[in-house]
Amino acid sequence: MARQKNATFVGTPIVDVDVGAPSFERLIENAVGDTALTFDKGTGSHAEAGVIVHDGGDGTGALLGVPIINQWIGRTLVLENPDTSGKNGGVGDTQIFAAPFHLAAGETSILVEVSMALGAGLTPYAKVCDTANAEVVRADLVRNDDEVGEVDTLFSARLSGITAGWNLFFIGIDTSEIRSLGLSEMGALNYVRVRPRLRSDLVHAPGSLRERGAQPEIQDAGGDIYGVTTPAATEGVAHTDFEASLFANLKSIDGYVLSRLNRNLNGLAEFISGWPAGGNTTFVHEDQDGGGAADATNPARSRFEAHTRSLYANEGQVDFPVACAGFGAFLDGLDGYFAVDLAEPPTLGMLEWYPPWPRNDTEQTIRNLFVPMPDFQSASSRLQCAVLFGSTNDGAADPTQWTIKAKTTTGNATHTLVAGDDTDGRGNLWLAIITAVPFTGDAGELVEIRMSRASAKPAGLAGIGEICMLGAALAFVKP
Amino acid sequence: MAVIGHASLNFPLRDTRFVSEARGNNDVAQSIAGRARALYELLAGTNPFPDEQPATTRNPQRNLGHDHSGPPWGSAFLHPVAWWVGQKAATATLQQPAGLFDDLAESSPKSASFTFWNRPHATLPQPRIAPYSRLFLYIVAHRPTTNAALGVRVESVRADGSVEFETDSITVTGATPAGYVSTAYLRAHGGRNRARIQFTAGDANTPSVTAWALCNVVKRTH
């Protein structure tokens, strides 16, 4: 006995629904099969391969377009002693922002917007490199009109041709321009925004009704009048399956099929949209705990299409950026230059915006953030933490002695740097990617990025020096 | 050809249309066929008949399909929308520039003024409020020796310069960084939002704020 389901969407020709058209059995048969396909794609039921993963592919869900960086920085960019040459503090391009970031599957372009006060004659740029620090794309940051009410200038650039997955993002300024202009104060870095380019960036006019987007409604009269079947305890959404034999030639369609099909449609409408079906005043679907009581927080029984896998083990998983931040400026010169000299405290270079340097080998928190987590499945965590480091390539330096820990309220995961984490083999730029970071869905997590060294630093690199944390990112990465 | 007639999800049918002896009017067929297609497009983000107009309207990003930006475009996810990160540590252990919100003093507020990008989203009919329309402040803070009062003010700044704001007072109880959820929220809209976050010590116990984030905290409606 086969379940009525269409392998691909079939639909209904207009002639079958035109005024005066006969009530063809095939209309109901196709609608039942199409609805079953929609249910399977949304829930992953019946081993459906084309589940929704929001990668913009054919039938696999729209791109989410979640912003990647929305970071306030609020630092001045003072370059102390710009004429200082030598190993540290002022030579070459200064990367005033450096961080790893995860670009979701299906995305290829980003829009970069940086608010800065910057001296005239300076040309900042935005750059994306792959995890081997090979440049993928670079573009000058163009000065725009000031954002309303802001003192600083908004610089922007569009970068395209980026491969989805982990990448490195930099904002740089040619410091030699500073020296040639005889400037010591570059300005200020207020905030950085990076997001996938959206179709709405291109479509400005409201256009037709189809372009304006739907607004949900609440029906005025009658309260809850459109039937949605209350799911059973172990169901996410109540869905009636129909045997294919019901739609054999010359077989009549009875009211049971029609009424259940109507309820299937209403149920899916609420499940997918997150809004009461048809404008009912209240939801029928309710997120519940394991005992059947209402529970909207990390529910054991999620009744909405939200990639929770709480009731549907094969529901699609998605790429989702959580947060990304840069921690200070550095120089990625050929000989391991930095934005500051390695004094304690530094006296040369970008003294008000440089990344943190751990001074001893004991485990300590370098940066932290308290944020709510989405209600994705946590049994096999897809949460990853990428951390970018700068290092000297002094012969005594050994970043592989360092262990990086992503600690959350729920637990922790670690990664000890290995030679392969040296992005381009020069010893200057290291990337750690910590996988399976524990988390609790719908909960506030205090995320701490911590570092420790297996042994005391070499004598020549006592105090600061050897490694600094340039930036970090948290993201859910789908299989 | 495919149906693009009664494809809106706002044309469902009541159960009474399917009782025994109910009339089989043409709109039953149209509604069933149309909604089946509309739901597929809303879920899959694909027009199954690319040579025709799509059956559904575009989401707030002007793509087809749901994008989890809140109803009716799917449940939203909880996550941070805008943030600032720092860390207060003894220079003996961590060398870095001085923190921006370290050791807050009484009557000496410190603030951050910035513009961030909020996800485009649909507004909801009253009394419901869309998830991304209110962003709550999550804070990491600690105090040196005694529980400290931390004043919080979250402002949304309109283009005309007018300000809407929410305030809160938090008792910082930990000597080590801990997370606090403020009741203060930002009234936000889709796209660029201008905001100001201000912290003030409410007493002489000098709390420090080492990170904060404006966050979406609900899935379907406030």
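**View 1. The contact between chain A and chain B.** In this predicted model, 129 residues of chain A are in contact with 104 residues of chain B, and the area buried between the two chains is about 9,500 Å², of which carbon and sulfur atoms give 60%. Between chain A and chain B the count is four salt bridges, and 33 residue pairs are in polar contact, both residues being at pLDDT 80 or more. Helix H4 of chain A, residues 255-273, gives the largest share of the side of chain A that touches chain B, namely 12 residues. The residues on that side of chain A divide into 68 nonpolar, 37 polar and 24 charged.

View 2. The side chains of Asp375(A) and Lys219(B) meet in a salt bridge, with a distance of 3.8 Å from N to O.

**View 3. An open four-stranded sheet in chain B.** Strands of chain B form an open sheet in the order S3-S8-S5-S6, and the pairing is antiparallel. Strand S3 (110-118) and strand S6 (163-172) of chain B stand at the edges, and each has a single partner strand, so one side of each is left without a neighbour in the sheet. Neighbouring strands of this sheet are turned by 20 degrees against each other on average, when direction is ignored. Nine bridges join S3(B) to strand S8 of chain B (residues 191-201), and these two strands run antiparallel. On the S8(B) side of this pairing, Arg192(B) is the bridge partner of Trp117(B).

**View 4. The surroundings of Ala149(B).** Ala149(B) lies in strand S5 of chain B, which covers residues 148-157. When residues up to four places away in sequence are not counted, Ala149(B) touches Ile170(B), Thr200(B), Ala201(B), Gly202(B), Asp203(B) and Pro207(B). Ala149(B) and Arg62(B) are 87 residues apart in sequence, and their C-alpha atoms are 45 Å apart in space.

**View 5. An open four-stranded sheet in chain A.** Strands of chain A form an open sheet in the order S14-S19-S16-S17, with antiparallel pairing. Strand S14 (364-372) and strand S17 (412-416) of chain A stand at the edges with a single partner strand each, so one side of each is left without a neighbour in the sheet. From one strand to the next, the twist of this sheet averages 15 degrees. Strand S16 of chain A (residues 402-407) pairs with S17(A) in the antiparallel sense over five bridges, and in S17(A) the bridge partner of Ala406(A) is Ala413(A).

View 6. Most residues other than glycine have a negative phi, and most peptide bonds are trans. In chain A, a cis peptide bond joins Glu344(A) and Pro345(A), with omega about 5 degrees; Pro345(A) is found in the loop between strand S11 (330-331) and strand S12 (349-350) of chain A. In chain B, the peptide bond from Gln126(B) to Pro127(B) is cis, with omega near 5 degrees, and Pro127(B) has its place in the loop between S3 and strand S4 (134-142) of chain B. His54(A), a residue other than glycine, has a positive phi near 55 degrees, and His54(A) is placed in the loop between helix H1 (25-43) and strand S1 (69-80) of chain A.

**View 7. A salt bridge within chain A.** A search of the whole structure finds 24 salt bridges over all chains. Arg3(A) forms a salt bridge with Asp241(A), in which the closest N and O atoms are 2.8 Å apart. The pair links distant parts of the chain, with Arg3(A) in the segment before H1 of chain A and Asp241(A) in the loop between helix H3 (209-212) and H4 of chain A, 238 residues apart.

Note on methods
Residues are numbered from 1 along each chain as its sequence is written. Chains are lettered from A and ligands numbered from 1 in the order in which they are written. This is a predicted model: local features need pLDDT of at least 70, side-chain atom pairs count only at pLDDT 80 or more; totals for chains, interfaces and linings use all residues. Side-chain values use heavy atoms; hydrogens and water are left out. Two strands pair if DSSP finds at least two bridges between them. Axes are lines fitted to C-alpha atoms, for helices over the stretch in contact, and angles run from 0 to 180 degrees between N-to-C directions. Contact means heavy atoms within 4.5 Å. Buried area is the accessible area (1.4 Å probe) that two parts lose on being put together, summed over both. A polar contact is a pair of N or O atoms within 3.5 Å; within protein, one must be able to donate a hydrogen and the other to accept it, and residues adjacent in sequence count only if both atoms are side-chain atoms. Ala, Val, Leu, Ile, Met, Phe, Trp, Tyr, Cys and Pro count as nonpolar, Asp, Glu, Lys and Arg as charged, and the others, Gly among them, as polar.
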